[in-house]
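Dear colleague,

Please find below the structure that I am handing over to you.

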Amino acid sequence: MDTSTNDSLSKVPEVTLLFWIMKIVATTLGETGGDAVSMSMNLGYLIGTAIFSVVFLATVFAQIKAKTFRPFLYWTTIIATTTVGTTLADFADRSLGIGYAGGSTLLLALLFGSLLVWHRTLGSVSVHTVSSPKAEMFYWVTIMFSQTLGTALGDWTADSAGLGYTGAAIVFGALLALVVVAYYWTNVSRTLLFWAAFILTRPLGAVVGDFLDKPLSAGGLALSRYSASAALIAFILTSILLFKHRAARTAH
């Protein structure tokens, strides 16, 4: 893969430690926020999905129309993908009765299919090539599928596999650690490792979110979904305001 860069900047952020921290926090917010609307407000998964789908489409449209990288807009779009991913996965797994295993398998196929079509169409799925409306559309559709998969995978591991929220968090944290090891000590494709880490942070955020708001009897901390979501939003806003967020450079 050609890794040379020019002076043009992408509308996605540079991948740094702060990026990954905010990604995990955003995915945790997606779980608590999605559950707050669909469960705490008693709107149900279908209506919750409809609401967040509108938000998702609006933010993606704004992101694609933007001329430069805007941290607030970018992270708002990430949160939109993870909230719609939460309610959509719960609707498929629970309301439609597909189950965690079936939902995870279906979403994994959709995710791989999105990456395959993206690669066949534009020749690369690297974030360094996200510099055109078509590439951005593939980028956000792939992210939405990865966020939805993460919810189903997190629930499957914590509930069906019987690991509980803490056990599932340890599993996904360990898998992320392996990705870090591969990044620093192997020559595995950086694009492959990016998407592996991106996918794994979602189920980690999902189980952490469930751990925060599920009842004590279910192994959670029984925190209010509203207060947990507010605290996570405050962290993201503070991070955007206090730290410099640079746009990634695009590749030739």
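The notes that follow describe selected helices, helix pairs and single residues.

This is a predicted model, in which local features need pLDDT of at least 70 and side-chain atom pairs count only at pLDDT 80 or more, while totals for chains, interfaces and linings use all residues. Residues are numbered from 1 along each chain as its sequence is written, and side-chain values use heavy atoms, with hydrogens and water left out.

Helices (H or I, at least four residues) and strands (E, at least two) are DSSP runs, numbered from the N terminus. Buried means under 20% relative accessible area, exposed means over 50%, and partly exposed lies in between (1.4 Å probe, protein chains only). Contact, or touching, means heavy atoms within 4.5 Å.

Two helices by length

The expected span of a helix is 1.5 Å times one less than its number of residues. Helix α4 (residues 99-122) has 24 residues and reaches 34 Å from its first C-alpha to its last, close to the expected 34 Å. Its buried residues are Tyr100, Gly103, Ser104, Leu107, Leu111, Ser114, Leu115 and Trp118. The cover over these buried residues of α4 includes α3, α5 and α7. Just after α4 comes Gly123, with a positive phi of about 90°.

Helix α5 (residues 133-160) has 28 residues and should span 40 Å; its end C-alpha atoms are 39 Å apart, which agrees. Of the 28 residues in α5, 20 are buried, so the helix is mostly covered. Gly162 follows α5 and also has a positive phi, near 75°.

Two helix pairs

Axes are lines fitted to C-alpha atoms, for helices over the stretch in contact, and angles run from 0 to 180 degrees between N-to-C directions. Angles under 35 degrees count as roughly parallel, over 145 as roughly antiparallel, 65 to 115 as roughly perpendicular and the rest as oblique. A crossing is left-handed if the near helix is turned anticlockwise from the far one by less than a right angle, and right-handed if clockwise.

The axes of α6 (residues 164-185) and α7 come within 9 Å and cross at roughly 160°. These two helices are therefore roughly antiparallel to each other, and α6 passes α7 in a left-handed crossing. Residues making this contact include Phe172, Leu176 and Val179 of α6 and Leu193, Leu200 and Leu204 of α7.

For α2 and α5, the axes come within 10 Å and cross at roughly 150°. This pair is therefore roughly antiparallel as well, but here α2 passes α5 in a right-handed crossing. Phe56, Val60, Gln63 and Ile64 of α2 meet Pro133, Glu136, Met137, Trp140 and Met144 of α5.

Buried charged residues in the helices

Glu136 lies in helix α5 and counts as buried, at 2% relative accessibility. Leaving aside residues up to four places away in sequence, Glu136 touches Lys11, Gln63, Ile64 and Val130.

Arg202 belongs to helix α7 (residues 190-213). With a relative accessible area of 0%, Arg202 is buried. A polar contact is a pair of N or O atoms within 3.5 Å; within protein, one must be able to donate a hydrogen and the other to accept it, and residues adjacent in sequence count only if both atoms are side-chain atoms. The side chain of Arg202 makes such a contact with the side chain of Thr151 (2.6 Å), and it reaches the backbone oxygen of Gln147 at 3.1 Å.

Asp93 is found in helix α3 (residues 71-95) and is buried, with a relative accessible area of 6%. Among the residues that Asp93 touches, not counting those up to four places away in sequence, are Tyr100 and Gly103.

Two loop residues

Where does Asn42 lie? Asn42 is in the loop between α1 (17-40) and α2 (44-65), and its relative accessible area of 67% makes it exposed. Most residues other than glycine have a negative phi. Asn42 has a positive phi, near 60°.

Thr16 lies in the loop between β1 (5-13) and α1 and is partly exposed, at 31% relative accessibility. Thr16 and Arg246 are 230 residues apart in sequence and 9.6 Å apart in space, C-alpha to C-alpha.

Yours sincerely
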